[in-house]
Amino acid sequence: MEEQMTMRLEGVSASEWDWVRRLIADVQEQERHEHLVALWAQWRIAVRFFRQAEFILMRQKQPGAVDFKFHRACLTGLISIGEFLLLHIAESGDREELSRLGFSGENAEAALATLRSNWDEWHGESSPDRIRSIQQKLLELNGEAQAH
Amino acid sequence: MARHKLIEELHAAWYDALWATGEGADDKRKAHLILRDEACRLFDCSPSELQQALRGDFSKWCREKALPKPPQS
């Protein structure tokens, strides 16, 4: 029974992912590494513009409900595009050629991990009680700092 | 209230991870992930929970330090 269900889920999963793969193929018809790395560079520029908007609208000011929505939408999009690009770059192989063009898979993963942390920071869904208990531990540490 | 050194370090590392550019920026992002994981072990929480818990104090820290607007390039 469990085996049947797993097979069915795998079947669904494969067909669900197929349209994503086609989308990637449509967006990036060229298989040239230069093109992929150029797209990656553009993505990084988009991330920087996003960070500047975030700094001004979310950190220097008190963000409103609309700011939260735009922030989540932009961040979700950047993470999604970054994931697509990394998948496609990984599929294209030839790490030496990519490295020659200045692309590092490890650095790219770190950039994506930072974006995911950024998402958690603003839109994470942990319970308020749990967050308060961690903040209490942080305050206790601060208390220690003051005592010394 | 003075901040504990670890929290100061976490804020500084997060700032660098978000806004560092040019040579060394990727290393700063990786350094933040390592420090954050250490803090998670100390506070027995997930990275996601820690990020949420620190958010308010991080924004306050940025304002207190009068940190400049991040560069676009």
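Analyst: One term to start: the bend at a residue is the angle between axes fitted to the seven residues ending there and the seven starting there. Using that, α3(B) has a kink of about 45° centred on B:Arg55. Helices here are DSSP runs of H or I, at least four residues, numbered from the N terminus, while strands are E runs of at least two. This is a predicted model, where local features need pLDDT of at least 70, side-chain atom pairs count only at pLDDT 80 or more, and totals for chains, interfaces and linings use all residues. Residues are numbered from 1 along each chain as its sequence is written, and chains are lettered from A and ligands numbered from 1 in the order in which they are written.

User: What does chain B average in pLDDT?
Analyst: Chain B averages 87, and 92% of its residues score at least 70; pLDDT is the predictor's confidence in each residue, from 0 to 100. The model's ipTM is 0.84 and its pTM 0.75.

User: Back to α3(B), which residues are buried?
Analyst: B:Glu49, B:Leu50, B:Gln51, B:Gln52, B:Ala53, B:Leu54 and B:Trp61. Buried means 20 or more other C-beta atoms within 10 Å of the residue's own, with C-beta atoms placed from the backbone. Just after the helix, B:Ala66 has a positive phi of about 50°.

User: How many residues of chain B are in contact with chain A?
Analyst: 30, against 29 residues of chain A, with contact meaning C-beta atoms, placed from the backbone, within 7 Å. α3(B) gives the most to that side of chain B, ten residues.

User: And how many helices does chain A have?
Analyst: Six, with zero strands. Buried residues make up 15% of its 148.

Methods. Contact = placed C-beta atoms within 7 Å. Buried ≥ 20, exposed ≤ 12 C-beta atoms within 10 Å, placed from the backbone.
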